[in-house]
Amino acid sequence: MNSIYERFLTAGQQRHRCPVCDRGFAEGTNEHQHFEAQVRQTLERVPTMRQVSDRQVEQLGQQLQRLRALREPASELARLQQGRRVSQATRCSCGLGI
Ligand SMILES: [Zn+2]
């Protein structure tokens with residue numbers, strides 16, 4: 001499957017236009033060479049960017065699992081704290097602690 005950058009390169013070569021902003025450039029001009037160089041440079045970086053993204057997805061997946069494991073204890077803690085606040089708020093203000 002061709003990546004989007006490969007399709008950009010082909011479209012730029014065939015139409016002599018930037019496929020993103022539609023700016024025209026004649027074949028062999030500096031603009032055309034610059035466009036091709038930029039797209040080729042990006043294409044070369046894709047495998048590395050993919051590896052970095054895959055690692056991030058894996059790390060975020062692990063973080064999500066840890067957070068999901070904490071969801072139940074966190075809601076239990078919030079429930080207990082809420083109960084404590086309620087019992088303190090309803091305590092008698094006369095100093096007898098009832
Ligand atoms: Zn453009």
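1. Of the contacts in the protein chain with a separation of 6 or more, 37% join residues 24 or more positions apart. Two residues are in contact if their C-beta atoms, placed from the backbone, lie within 7 Å. This is a predicted model: local features need pLDDT of at least 70 and side-chain atom pairs count only at pLDDT 80 or more, while totals for chains, interfaces and linings use all residues. Residue numbers start from 1 along each chain as its sequence is written.

2. The protein chain has two helices and zero strands. Both kinds of element are DSSP runs numbered from the N terminus: helices are H or I with at least four residues, and strands are E with at least two.

3. Buried residues make up 5% of the 98 residues in the protein chain. A residue is buried if 20 or more other C-beta atoms lie within 10 Å of its own, exposed if 12 or fewer do, and partly exposed in between, with C-beta atoms placed from the backbone.

4. Helix α1 covers residues 4-15, which is twelve residues. The expected span of a helix is 1.5 Å times one less than its number of residues. For α1 this gives 16 Å, and the end C-alpha atoms are 16 Å apart, so the two values agree.

5. Which residues of α1 are buried? They are Phe-8, Leu-9 and Gly-12. Seen down the axis of α1, these buried residues fall within an arc of 95°, so they line one face of the helix. The arc is taken over the directions from the helix axis to the C-beta atoms. On the face turned away from the buried side, α1 carries the exposed residues Arg-7, Gln-14 and Arg-15.

6. Glu-6 also has its place in helix α1. Glu-6 counts as partly exposed because it has 14 C-beta neighbours inside 10 Å. Glu-6 and Thr-42 are 36 residues apart in sequence, and their C-alpha atoms are 9.8 Å apart in space.

7. What follows just after α1? His-16 comes there, with a positive phi of about 55°, although His-16 is not a glycine. His-16 lies in the loop between α1 and α2, the latter being residues 30-89. His-16 counts as partly exposed because it has 16 C-beta neighbours inside 10 Å.

8. Asp-22 is also placed in the loop between α1 and α2. Asp-22 has a positive phi of about 70° and is not a glycine. Is Asp-22 buried or exposed? Asp-22 is exposed, because 8 other C-beta atoms lie within 10 Å.
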